[in-house]
Each structure stands twice: as C-alpha cells, then as structure tokens.
Amino acid sequence: MTDYSEARPVSDAVQSYAKRAMAVQSEFSEKLIEANQHWFEQIQIESNEAWELFRRFNSTASVAEKITALQDWAKGVTARGANDATYAIETARSLGTIELNLLARKTSSVDEATQKAA
C-alpha cells in the first residue's frame with residue numbers, strides 16, 4: 001500500500017505557491033491596467049495640447065503671439081514630461097515589488113513542506 005502522508009506536505013506547498021502566484025499575477029495585472037489607463041489619458045492630454053497649439057498658432061498673425069504660444073506649449077510639455085518620467089519610474093518600481101512578492105512571501109508551512117519533501 002502506498003503511503004500518501006509524505007506527498008501531502010508537497011501538495012500543500014504547491015497549492016500554497018499557486019495561490020500566491022495567482023494573487024501576485026492579479027495584483028500585477030491590476031497595476032498594468034492602471035498604467036495603461038494613465039498613458040491613454042496622457043495621450044489624450046498631449047493630443048488636446050497639440051490641437052490647442054495649432055489653433056493658437058494659426059489664429060494670429062502676430063509673431064510675438066506665436067512665440068508666446070510656442071513657449072507656453074514648451075513649458076507644458078516639459079512639465080508633463082517630468083511628471084511622466086516620475087510616473088514611469090514609480091510604476092516600474094511598483095511592478096518590480098509586486099513581482100518580487102511572488103518569491104519573497106514564504107510562509108512557514110511552505111518552508112516546512114519543502115524541507116520534509118527533501
């Protein structure tokens with residue numbers, strides 16, 4: 001007769017790891033969805049700003065007003081670019097942390113089951 005008592009801790013460890021993997025994958029996916037929504041919003045903002053620049057630039061014959069429009073647009077692009085860089089860094093850090101949680105979260109039952117299986 002086969003003794004299944006030794007296989008039980010390994011089975012529990014695999015199930016525990018699978019649950020953690022699913023939780024991490026879910027959290028990772030939610031963060032990616034959030035990031036996608038952010039970047040789609042940024043695309044919309046940049047598009048609107050470009051159209052506004054185009055409208056302002058072509059609605060005046062004054063060179064001074066055209067230069068002012070370009071300067072205003074450039075200031076906005078610079079500020080949004082800095083914010084985008086910060087957001088990208090923070091998102092990458094968050095995704096890295098989420099991914100590391102898969103490897104870092106070791107419960108005592110998983111450790112014990114692994115040791116018993118060895």
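Tutor: Let's start with a term: a salt bridge is a side-chain nitrogen of Lys or Arg within 4 Å of a carboxyl oxygen of Asp or Glu. The model here is predicted, so local features need pLDDT of at least 70 and side-chain atom pairs count only at pLDDT 80 or more, while totals for chains, interfaces and linings use all residues. Residues are numbered from 1 along each chain as its sequence is written, and side-chain values use heavy atoms, with hydrogens and water left out.

Student: What makes Lys31 and Glu34 a salt bridge?

Tutor: Their side chains meet with N to O at 3.1 Å, and the definition asks for within 4 Å, so the pair counts. Side chains of opposite charge can pair when their charged atoms come close.

Student: Where do Lys31 and Glu34 lie?

Tutor: Both lie in helix 1 (residues 7–58), 3 residues apart, about one turn of the helix. Helices here are DSSP runs (H or I, at least four residues), as strands are (E, at least two), numbered from the N terminus.

Student: Why is Lys31 called buried?

Tutor: Lys31 has 17% relative accessibility. Buried means under 20% relative accessible area, exposed over 50%, and partly exposed in between (1.4 Å probe, protein chains only), so Lys31 is buried.

Student: What makes Arg93 and Glu90 a salt bridge?

Tutor: The closest N and O atoms of Arg93 and Glu90 are 3.4 Å apart, so this pair qualifies too. Both residues lie in helix 2, 3 residues apart, about one turn of the helix. Glu90 has a relative accessible area of 37%, so Glu90 is partly exposed. A search of the whole structure finds 5 salt bridges.

Student: Why is Thr91 called buried?

Tutor: Thr91 is at 7% relative accessibility, so it counts as buried. Thr91 lies in helix 2. Leaving aside its neighbours within four places in sequence, Thr91 is in contact (heavy atoms within 4.5 Å) with Lys31 and Ala35.

Student: Is His38 buried or exposed, and what is it in contact with?

Tutor: His38 has a relative accessible area of 18%, so it is buried. This residue is in helix 1. Setting aside neighbours within four places in sequence, His38 is in contact with Asp84 and Tyr87.

Student: What makes Tyr17, Leu100 and Leu103 a patch?

Tutor: Patches are made of residues with over 30% relative accessible area and no salt bridge; like charges are joined within 9 Å, nonpolar side chains (Val, Leu, Ile, Met, Phe, Trp, Tyr) within 5 Å. Tyr17, Leu100 and Leu103 form a nonpolar patch on the surface, with about 310 Å² of accessible area together (Shrake-Rupley method, 1.4 Å probe; for residues, only the protein chains shown count as cover). Leu103 lies in helix 2 (residues 63–104), and its relative accessibility is 56%, so Leu103 counts as exposed.

Student: How many helices and strands are there in the protein?

Tutor: There are 3 helices and 0 strands. Buried residues make up 19% of the 118 residues.
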